[in-house]
Amino acid sequence: MPQPQCPYCGRPTQLASFQEVYPELQAPEPRLYYRCAPCDAHIQCDLQTLRPQGRLANPQLRQLKRQLHARFDALWKGPHSTLSRSAAHRFLAKLMEMPDAACQLAWFDLAQCQRALRLLGDQQAMQAAGQRQARPVRSRLGNTIVTVRRSRSIVIDRPA
Ligand SMILES: [Zn+2]
């Protein structure tokens with residue numbers, strides 16, 4: 001694969017080391033990037049094949065991608081999550097109306113990131129609302145206490 005063009009300005013990108021991309025940080029392991037310095041855009045590439053591992057991202061896209069990764073990870077790593085990572089991925093593909101194989105966060109552009117964030121946000125809000133509803137609801141009429149359980153069965157307590 002030839003080196004990618006910068007999607008922002010159309011110029012060819014340059015290979016760059018971690019130190020060139022993040023001069024203020026220390027590389028956790030050897031890393032190589034394609035970079036467009038004028039656009040402050042880069043993407044990591046595979047050390048052997050030199051394939052870019054996603055879409056070149058400028059600061060705005062990198063920011064959205066961090067948010068999206070956090071929200072996606074909450075789907076399968078969250079304290080209440082029941083999905084495996086691959087199930088979470090299939091779920092996102094379905095939300096995005098994309099084939100599973102095409103639904104790769106690393107290749108999402110700005111509009112796709114925004115859409116995924118919105119869809120996952122809606123989904124999580126709905127789940128939270130569902131969990132609120134699933135809690136037992138208790139109401140009281142005089143001495144009588146009515147409990148609607150998660151199972152939707154109703155218990156009526158009438159203390160003597
Ligand atoms: Zn550029």
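Tutor: Axes here are lines fitted to C-alpha atoms, for helices over the stretch in contact, with angles running from 0 to 180 degrees between N-to-C directions. Helices (H or I, at least four residues) and strands (E, at least two) are DSSP runs, numbered from the N terminus. The model is predicted: local features need pLDDT of at least 70, side-chain atom pairs count only at pLDDT 80 or more, and totals for chains, interfaces and linings use all residues. Residues are numbered from 1 along each chain as its sequence is written, and side-chain values use heavy atoms, without hydrogens and water.

The axes of α2 (residues 59-77) and α3 (residues 85-96) come within 8 Å, crossing at roughly 125 degrees. The two helices are therefore oblique to each other (under 35 degrees is roughly parallel, over 145 roughly antiparallel, 65 to 115 roughly perpendicular, and the rest oblique). On the α2 side, F72, L75 and W76 make the contact (heavy atoms within 4.5 Å), and they meet R85, A88, H89, F91 and L92 of α3. By class, this contact has six nonpolar residues, one polar and one charged (Ala, Val, Leu, Ile, Met, Phe, Trp, Tyr, Cys and Pro are nonpolar; Asp, Glu, Lys and Arg charged; the others, Gly among them, polar).

After α3 comes E97, which has a positive phi, near 55 degrees. In the protein as a whole, there are four helices and six strands, and 27% of the 160 residues count as buried.

Key. Buried means under 20% relative accessible area, exposed over 50%, partly exposed in between (1.4 Å probe, protein chains only).
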